[in-house]
Each structure stands twice: as structure tokens, then as C-alpha cells.
Amino acid sequence: MNAMVDPYTTEDGRKIGGVLMDMRNITLRFGGVEAIKDISFNIREGEIRAIIGPNGAGKSSMLNVISGFYKPQEGEVHFRGSIRPPMKPYQVARLGIARTFQNIALFEGMSVLDNIMTGRLNHMKTGLFAQAIWKGAAEKEEIENRAHVERVIDFLEIQAIRKTPVGRLPYGLKKRVELARALAADPKLLLLDEPMAGMNVEEKEDMSRFILDVNDEFGTTIALIEHDMGVVMDLSDRVVVMDYGRKIGDGTPSEIISNQEVIDAYLGVAHD
Amino acid sequence: MFYREAGDFKTSYAEDNQTFPIKFDRYRYWFVLAVAFLVIPFIINDYWANAIFVPFLIYSIAAIGLNILTGYCGQVSLGTGGFMAVGAYACYKLMTAFPEVNILIHIILSGGITAVVGAAFGLPSLRIKGFYLAVATLAAQFFLIWLFNKVAWFYNYSASGQISAPERFVGGIAVTGPNTEAWAKYMVCLVFVTLCGLAARNLTRGTTGRKWMAIRDMDIAAEIIGVNPLKAKLTAFAVSSFFVGIAGALFFAVYLGAVEGGEAFGIQKSFLVLFMVIIGGLGSIFGSFAGAAFLVVLPVALKMIGVDLLGWPTDIVSHFQLVVVGALIMFFLIKEPHGLAQLWRVIKEKLRLWPFPH
């Protein structure tokens, strides 16, 4: 067990630290339906952790448990070494957990810049009166955070659409803006729910590169759900496989590929 | 040709963040302010003040207030009239209870009291949305007016049930009561409009505004990035009601001088301010001014054209006015939901390229 949490360095030189988030015996029920059945897994600092599984396996539910939308009936969520009490999503965000959605959840009425600036909300502390006066504290804070947001914009190469209303952007760019908004928050843990759904090969390659760069340059821990097996195998350090709410595999990509239960879940088995 | 940002380079984020990024806009803004403060007070007379300028300024504040709630935070409210009444009655009680305190402080305090009342009536917004919230605020409208008519304490047990503003001075000049000069009324309202407009603009371009708009556009995503929906919505209700309360206090104390709650602040007032916001443009401070100006000037203009020019009977003209407003509301909802402000934006886009649009 201890060997599992000792820090190590990957082949490409990234440092993987201790356990950042530990899900212990999570069970989530909707009425009589068990969406997640007694699942345990951990996410280690600095790693890219993939959650895969067929449709309806409970992957998104798992992400929703992590980000506080769902409260599991049983089990404990440990974050940074201590148990996390039941929290509302906005409180989870303040712990440094950011996420993107399967269906893009951007603020359509606002510009790209404003959308990404919302990611900085938890770093902005001036009160209502200071903001109404604007000159002074509020303006200073706005500019400091703007500088930070501009770094994210540069990083994701979306300078040209800074002032465009989000509603006018094509799908691939929206996905990138959503990633930018999550990144602007300086998250410790970044949850990506199908970041490459509906993208063509080129866009997938771009997105993969951004995910690797985020992990590499900022050291952000990433947990992602993805259906494209090639992407998952190339990107992730470790993979959790879910099927019908159960965990059927957990390990490095090469271990997962040779796991008979996983193959059965994906390819189906002959029924006697 | 004369209207473009070419050569107007921004070298700091502060410059990029300013309200009017284009030089021409900035000059026009200062020009309008200069005319409003330095020219109009000297040429204004009673008719222009009472028919156009004072109601326009007061309704602008109310429209800004409602726009913050409905346009920026996405919470529909039909309680504007009721909240204006809170401002008016709060101002009356303060004026009569503490006659030695400056009236300007009373007006600001009335806004504060309305903010508290507004936040209380905003509590249901956490559970209900859209039409249902509109009906809940409608209940606030009727309850508040009923309360002010029912409990005699609010109108100091006067026999008529009316409240009337006693005479109050600012620096030796009467700003309320029967002896107020037109320019004094105008100046008081103008100062409040300028301050409220600036505050609203600053709030909506900063963190608070982004929180409101995030709630408006997608509340689930707002929550996931760390917006506390309870706090954001209640702040919107409080700030919105603060402005509406100030508008109510000015409407009572400076503009009319004497009001009867149900008559001056009835449901019609709620709809009037809502129409101003819709026609002017949801989610735009400029739109609040444009909508207020439009709906204040329209009846006056229609009366001038209908009665004075064409010689129609007054009652037909006043009914015709209802038809015109109704048709305009439908037109804007279908064709341009972002109102006059959006039309103005489109014109500006076109002007920037004119005369070579390609």
C-alpha cells in the first residue's frame, strides 16, 4: 500500500506526489437506482487520471460527487489529507477544484474575457462599496486579475477572440474558453468532463496538447472523462474503469488494456 | 469616418477597461455631462422640468435599478412600484421624524431601507424562477401598497391618507415643498442620477456584475466556479431596490410633493418601469436611460402631435398612446430583445466602418 503513495517521477520527468483526493467507498443512489456502487480510488498530486467506461457507467455522476452537485449516501471524500464535509458546489470551488462540463456551460451573454474573468471570482475580495466607487481597490484588483487572465489567454492561444461574445464562437473554441475559465481559477484539481467530445482529429490534438501542457507547466492535477481510447491511453498516468456503477479496473493504461474484465465491458461477452 | 478606434491604442489594462474605449465616445460623454450641469439649469422652466426632465431623471434611476435585477441578474420583478413606495414612505417618515437632518441624507437612507425590504422579498428567488418569481414580486407590490394604505402610522395619521413633503433646504435653497424652483428640482435629481449611474456602471463591469450575469446566463455553471447563488441574488435585489428606493423618494419628495400610495406607486408604475427596461435594453445602463427618455417623451410628443397639431380630442390621444406603447413592446420583444441599446450598438458598428463597409 505504501508503495502506492510514494512520490515518483514519470518517464517524461513529471513529479507525481502524494494522494490529493481520495474517494473511499462512495455509493450514490437515485431512489432505487444505484449509480455508483462502493467505489474507491484516489487521485495523486500532479497526475493525469482518466475515468472511462461505457455510457451510463456513472462517470459523470462521479465527477458530480467530487464537485459537490451530488451528495453520496455512503462513503467519504478525502481532500488533501482530511475528510471533506458535505459541501455546496461553490464551496468546493473555493477549495481549488475547477471543472468543465460535458455540454458547454459558458455564459453566452458575456464576452470571452468576462467569461474567463469569472474564473477569478474566488481570488477577488473587494466589497460592494469599493466596487461601486471603482477607483482604488476595485480597479487595482481588476487589473491584477486581468493580468493573470491574459496569461491564460496567451497559453490557450485565444487572444484574437478576447472581446467576442461567447455565443458567436464555434464549438471547438467554446470548449477552449471553458477550459480557460477553469484554468483562470488556479485550480489544484481540474476536472474535465469529456473535453474532446464532438471534436475532429485536429481539435482533439490541440486539446490533448493543452491538457498535457497544463499538467506539465502549472503542475495541475487533472481528472478527465473521455471516450476516445487512444487519447486516454496516451494522456493519462492511471485509469479507472467503471461499468454499471462498479469499478472494474484501476491501473496504468497498459494494465488496463490487458484487463479481461475491461475488455468484456467494452467489447461484450458471449452469453451462454 | 469620424468615428473609429484606429490609432487609439491601449497600453494598459486600465485603459482597456474604461467605460468608453473610443475617444469620440469619451468626448461625447463629457459634453453631455457639461450641458446637463452647466447649461440646462440656467434655461430650464417649470414646464420642461415637470413634463420632461425631472421625471426622465427619476425614472432613469428606477430603470437602472430594475435593469440590475432583471437585465443583469435575470430575476424578473413586477414589484418596482411597491419598492418605490417603500422609498417614498421611508423618506416621508424620516423627513417628519428628523426634520433637522439634511434631505439628501434622508433620500440615501430611504434607498438603504428599500434595499433591506427588497432583499427580504428577494428570498423566494432562491427557490423559484421566471414567471413564478414574477408573481411572487407581484405579491410584494400589492402587499406593500396595501400596508401603506392600511397602517395609518406610515402616513402620520393624516386625514386624507396622503403623504406630503414638508419644505426642506439644501444650502439655503428649497428642494422640496411648494416653493421649489424648477432648476433646484432638476439639480437634485441630476446629482443622484449621475452618482447612481456611475455606481451602477462600476458594479456591473466588475466582479459583482460578472457574478450577476453568470447567475443570469447559467446558474449551475455560476455555482461551479464559486458564485454563492443566495448571496448573488440577494445582492442584486438589495442593490436594485436601493436605486428604486432613491427613485421613489425623489418621485415623492422632489417631483410630486404629495402622493397617495396606491395611486402613485400602483402596478402601472411597475409595468411602466419594466417597459422602459425592455424598450431601452435589458442588461445595459445606457438602455435604462434610453428607455426612460423614450417613455417620458413619447406621451408628451404624442400629445403635441395629436392634440396641438392634428386637433384630436384628448381622450383619443391618451388611448392612442396605450396602443402605441403596446405595439412597441411587442415589436421590441420580437425584433430586438436587447432594445434601443442594441440598435445604438448596431449603429455604432456601422458608423465605425462608414463609408467603406468592406
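Which residue forms a salt bridge with Glu108(A), and how far apart are the closest N and O atoms? The partner is Lys174(A), and the closest N and O atoms are 3.6 Å apart. This pair ties together distant parts of the chain, 66 residues apart. Glu108(A) sits in the loop between β8 and α4 of chain A, while Lys174(A) belongs to helix α7, residues 171-184 of chain A. Side chains of opposite charge can pair when their charged atoms come close. Over all chains, the count of salt bridges comes to 28. Please keep in mind as you read that this is a predicted model.

## The six-stranded sheet

Let us turn to the sheets of chain A. One of them is an open sheet of six strands, in the order β8-β9-β10-β5-β11-β12, with mixed pairing. Its edge strands are β8 (97-100) and β12 of chain A, each of which pairs on one side only. From one strand to the next, the twist averages 15°.

Within this sheet, β5 and β10 of chain A run parallel and are joined by four bridges. Here Ile48(A) has Ile222(A) of β10(A) standing opposite. Strands β11 and β12 of chain A, by contrast, run antiparallel and are joined by five bridges. In that pair, Val240(A) stands opposite Asp250(A) of β12(A). The hairpin of β11(A) and β12(A) has two residues between the strands, and Tyr244(A) takes a positive phi near 50° there.

A helix also belongs in this picture: α11 (residues 260-267) of chain A lies across β5, β11 and β12 of chain A. Its direction is at about 125° to β12(A).

## The four-stranded sheet

Chain A also has an open sheet of four strands, ordered β4-β3-β6-β7, in which the pairing is antiparallel. The edges are β4 (33-44) and β7 (82-83) of chain A, and each pairs on one side only. Five bridges hold the pairing of β3 and β6 of chain A, and Met21(A) has Phe79(A) in β6(A) as its bridge partner. Helix α2 (residues 59-66) of chain A lies across β3, β4 and β6 of chain A, running at about 115° to β3(A).

| Strand pair (chain A) | Residues | Sense | Bridges |
|---|---|---|---|
| β3 and β6 | 19-30 and 74-79 | antiparallel | five |
| β5 and β10 | 48-52 and 221-225 | parallel | four |
| β11 and β12 | 238-243 and 246-251 | antiparallel | five |

## Where chain A meets chain B

What is the area buried between chain A and chain B? It is about 2900 Å², and carbon and sulfur atoms give 63% of that area. In residues, 36 of chain A are in contact with 31 of chain B.

Polar and charged pairs cross this interface too. There are 11 residue pairs in polar contact, both residues being at pLDDT 80 or more, and four salt bridges. The side chains of Asp114(A) and Arg210(B) meet in a salt bridge, with 3.6 Å from N to O.

Which helices of chain A each supply at least two residues of the side that touches chain B? They are α3 (89-94), α4 (112-118), α5 (128-133) and α6 (137-155) of chain A. The largest share, seven residues, comes from α6(A). By class, the side of chain A that touches chain B has 19 nonpolar, five polar and 12 charged residues.

Key:
Residues numbered from 1 in each chain as written. Chains lettered and ligands numbered in written order. Predicted model: local features only at pLDDT ≥ 70, side-chain atom pairs only at ≥ 80, totals over all residues. Heavy atoms only, no water. Pairing = 2+ DSSP bridges. Contact = heavy atoms within 4.5 Å. Axes fitted to C-alpha atoms, helices over the stretch in contact; angles between N-to-C directions. Buried area = accessible area lost by both parts, 1.4 Å probe. Polar contact = N/O pair within 3.5 Å; in protein donor to acceptor, adjacent residues only side chain to side chain. Nonpolar A, V, L, I, M, F, W, Y, C, P; charged D, E, K, R; others polar.
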